[in-house]
Amino acid sequence: MTASTAWKGNPYVIGTPIDDTQMFFGRETLLQFIDDNLRQGARVVLLYGQRRIGKSSVLAQIPKFIEQDQFYFVSFDLQNQGRRMLGEVLYSLAHAIVEQLEDDNDLLLNAVSLPSEAELLRDPDQFSYQFLPEIFQQIGNKHLVLLLDEFDVLSNYSSESAIEHFFPYLKSIISIHQKLFIIAAIGRRPEDLQNLISLFKGAPAQEVWLLDEHSARSLITKPSEGLLHFEPEAIQAILDLTSGHPYFTQVVCFSIFGQARSQEQWTVTRADVEQVVDKAIESSRPGLTWFRDSLPIAERVIFSAVAEAQQTTKMHPGHPLQSPLTLLKEYGIVQTATLARAGNRLVEWGFLNALNPIAPGNSKFPVYKVKVELVRRWLVEAYPLHKEAWELEKLIPEAQRLYETASEQYQAGNLQAALHDYEQVLDMNPNYFTAVFEAADAYLECGQFAKAVKFYQRAFKLDALRVQDGLVQSLLDYGRDLIQQGMIDHARAQFTEVLDIEPENPIARKQLEQVEAQIGQRYLAAPNPFTVGQLIPPSRFIGRSAELATAFDHLSSYGHLNVWGGPGIGKTSFLQQLASPRVWQQHGFNPTQLVIVLVSCLSVTPPFTPANFWFEVLSLLHDELDDLPDVQAEMNVLLEQQTVTIRGIRQILRRLGKYDKCLVLLIDDYEEAMLPNPQYAEAEIDLFLTEQRSLAYSSTQRQQISMVVSTSHPLGELSFPTKPDRSPWFNHYLFLPLRALTRTEAEDLLSPISMPSVLQDIVWTAAGGNPTLLQLAGSLLYTELRSGRLLEPTEFVQAFLNQAEPFFQSTWTQLNDMEQALLIVIALRHVVSRLQGQAEIELNQIDRMLRQRERDLLHLVSWGILVKLTQQGEMGYAFSSSVMEWWILKRLQEGTAERSPFRSLSSFNLVDYQEETYISDMLQLVWQGADLNLSIFEWIQHS
């Protein structure tokens, strides 16, 4: 499109109210709200909203929108009135009323006597009892509407200014003069101005907010219609930048018009929009600063943190969006109640969008995005978090004053007195960073190395260059001190941290070699506390306290349990724990009243039959009854018959009852009892299971037996259909799932090894909460420690993969086609999500497919293979072990596993044609090697 050379003026307006109705877009509902309330007699109407949202433009449009058959409108800006006395403000207001009524309405107000400023300073009431009555006499039957802009600005100043007088004065004259109306624009939300709003209780209030999309599009295209042509993608790019904020939309369009005019290029593309972003930010910098400066300190810090978290995700596609509170922690900033509330306040005020609102009491941190992208980009540039964090020092004035005292003591050499004051400062305001820095130096000078390290480590997060030398020196000194105390593992961590900061530090290297030699000797002398491929003895059993409590609560009333869970989750070890008399005693039971038998269905003489099973149970029970020789004698008779039936078991239970004993029968690998074989048909299975239910539930011996059976799935999912004329045989069981271990339980399990937090994170990412994988990781690290070295994270990950492969293979074979296919899809989706901009695949379609398989996904969660995510924007599920995810992807890429599971998707009607296309596209990416050229360590670092 060619522009006319006759007119080149920029039609977009920045920073001034929009008077021209042709250039004002949207707000129809808001203006109608004002009109309705005025005509219904509302004496005060309040408009509120954040700065630069267009409140002044709305006030300017009111006289043009509302028919003036009943009203005269007078505009008055309170922006420069905050430091003036009440009489001075009233004098300016009176002048504005007279001038605008005469100029805008052709009124002659010669009969109105305008009081002087001196008169109003002496007696402000002249405005009410003399000036206003004369004005009302001149305007006849009409009403006077004062349009007061920046209505809340007076609240920023001292009690000697108009704040103490002007607002109460307005309230009083409103009650006296029925022909006076006020429409006031407030720059903050009404609930934050309680002193002001309480004066006008019941006043209707409406928020001035972002433009709707239709109005925003009009604001973009209409002012330059006939000159600029906006391509659809360019319009969308502007909307993405501004979210319908009128001021920032004007700013961007103003810059676009200037660029088009200078280049004589009048078609606007998405690329053109991106080219003007920096210029738009620069031209609106004062407005942006004023926009942000309305926020309290804590909200400004959170605002910058959210902007930085988004920038990190933008620079590293696939990196999950962090909560601002998590990011603050990485900077050494302590979370306070004020900071914790700030994010939600910014959502309420319209500065942020909440992606995952968190309920009170939830330990997870909320995640946000800056509502206006242009503002976010400016924040990253102008107010980076590492600089903005220092503003937190100003939160508590008392802490500032005490800091000055502490600093004086430090300068005078009174270190202990200074440290006492520094600690008090940080009790008041834990984010007084200057006190953190100076306290670190003082603790080092005093030789209190542990505290020096603590303070330096926190300071290092905020300003590494400033404190690096102090942190290194404190770590070295603390490490030597720990050696003298015999705390070798802890000393090693200090020297390792020095080398993380200064890899070539000769002192740390020498000290580390000496410490590792001592550690190797110590670990060599001690047995490996980790168990691989064997049962976990009760003395090394970690966690499961809630599950054990549930089990004992149920067993105390002769109940029965079905303990279930996935491969390696610890079912057998859990039964082994229940088989320990010591554990029963710890939970308040008398072990002498119990006879505990642990039997695995896989250990029953093959093939599995009821007779073989009961023979095995009776044989084990016989060995536990040395104190009851008469009962053993009866059992010998039954065992000699070789065929043990349920009747024989009942006979023995009756005998145990006479001695007030109860049989606790722990049955592992119970699925074997539900699998037919040539000597064990389905009818016999049904009879066996029914007899067990009868024995445990309805027989006279039910108080002499409690059964605990372990399975991979709940019994209801394993059994064949129940006959409709009877209740399910498994109804008497309480189902007790064994979940993956928590992070805390995993750390307890690995506690025999002293390792830096970085390696702890890597182990957790590699193994997740699977006890078998955690035991494997611990054993691997412990074995290396015996040679005097702790594996580096990169070495650990590769060694862990090599040792975990058999477990991954075994787990894989226990999954059905659906479950295998879902794991493949989730792994592929992760690859694609990390290739944003490189892969044109609709991830939301894949997410829709996954949501349709929610039940199967939740089963994989219950097995500990997947974890469910709560962060909005993610697919909802991720691998518990990122190494297993890598293992699956590598097998796909190598062509050894992808074909049969993928084909099963179609053959079992798991996907439709469109879904199959998406999955095929993702598979092609993997087969082509996309994103898998990374090492396994690089992969899990970004998982």
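## Basis

The model is predicted: local features need pLDDT of at least 70, side-chain atom pairs count only at pLDDT 80 or more, and totals for chains, interfaces and linings use all residues. Residues are numbered from 1 along each chain as its sequence is written, and side-chain values use heavy atoms, with hydrogens and water left out.

Helices (H or I, at least four residues) and strands (E, at least two) are DSSP runs numbered from the N terminus. Two strands pair if DSSP finds at least two bridges between them.

## Sheet S2-S3-S4-S1-S5

Five strands form an open sheet in the order S2-S3-S4-S1-S5, with parallel pairing. Its edge strands, S2 (71–77) and S5 (205–207), each pair on one side only. Neighbouring strands are turned by 20° against each other on average, direction ignored; axes are lines fitted to C-alpha atoms, for helices over the stretch in contact, and angles run from 0 to 180 degrees between N-to-C directions.

Three bridges in the parallel sense pair S1 (residues 44–48) with S5, and Leu 47 has Gln 206 in S5 as its bridge partner. Helix H2 (residues 55–65) packs on this sheet, touching S1, S2, S3 (143–149) and S4 (180–186), where contact means heavy atoms within 4.5 Å. The direction of H2 makes about 160° with that of S3. Helix H3 (residues 86–105) lies across S2 and S3 and runs at about 135° to S2.

## Sheet S11-S12-S13-S10-S14

Another open sheet of five strands, also with parallel pairing, has the order S11-S12-S13-S10-S14. S11 (594–600) and S14 (733–737) stand at the edges with a single partner strand each, so one side of each has no neighbour in the sheet. The twist averages 15° from one strand to the next.

S10 (residues 560–564) and S14 pair in the parallel sense over five bridges; there, Val 563 is bridged to Leu 736 of S14. S11 and S12 run parallel and are joined by seven bridges, with Leu 663 in S12 as the bridge partner of Val 595. Six of the seven residues of S11 are buried (under 20% relative accessible area; exposed is over 50%, partly exposed in between; 1.4 Å probe, protein chains only).

## Helix H29

H29 packs on the sheet, touching S11 and S12 (662–668), and its direction makes about 135° with that of S11. The buried residues of H29 include Phe 613, Trp 614, Val 617 and Leu 621. An α-helix has 3.6 residues a turn, so residues three or four places apart point the same way.

What span should the 14 residues of H29 (residues 610–623) have at 1.5 Å a residue? The expected value, 1.5 Å times one less than the number of residues, is 20 Å, and the end C-alpha atoms are 20 Å apart, which agrees.

## Pocket and cavities

On a 1 Å grid over the protein atoms alone, a cavity is a set of points where a 1.4 Å probe fits but cannot get out; a pocket is an open set with protein on both sides within 12 Å along at least five of seven lines; lining residues have an atom within 4 Å of a point. Grid points are joined across faces, edges and corners, and a volume is the space filled by probe spheres set on the points.

The second largest pocket holds about 790 Å³ of space. It is lined by 35 residues, and those closest to its centre are Gly 568, Ile 569, Gly 570, Lys 571 and Thr 772. H36 contributes the largest share of this lining, four residues. Four cavities of 30 Å³ or more are found in the whole structure; the largest has about 90 Å³, and H37 gives the most to its lining, with three residues.
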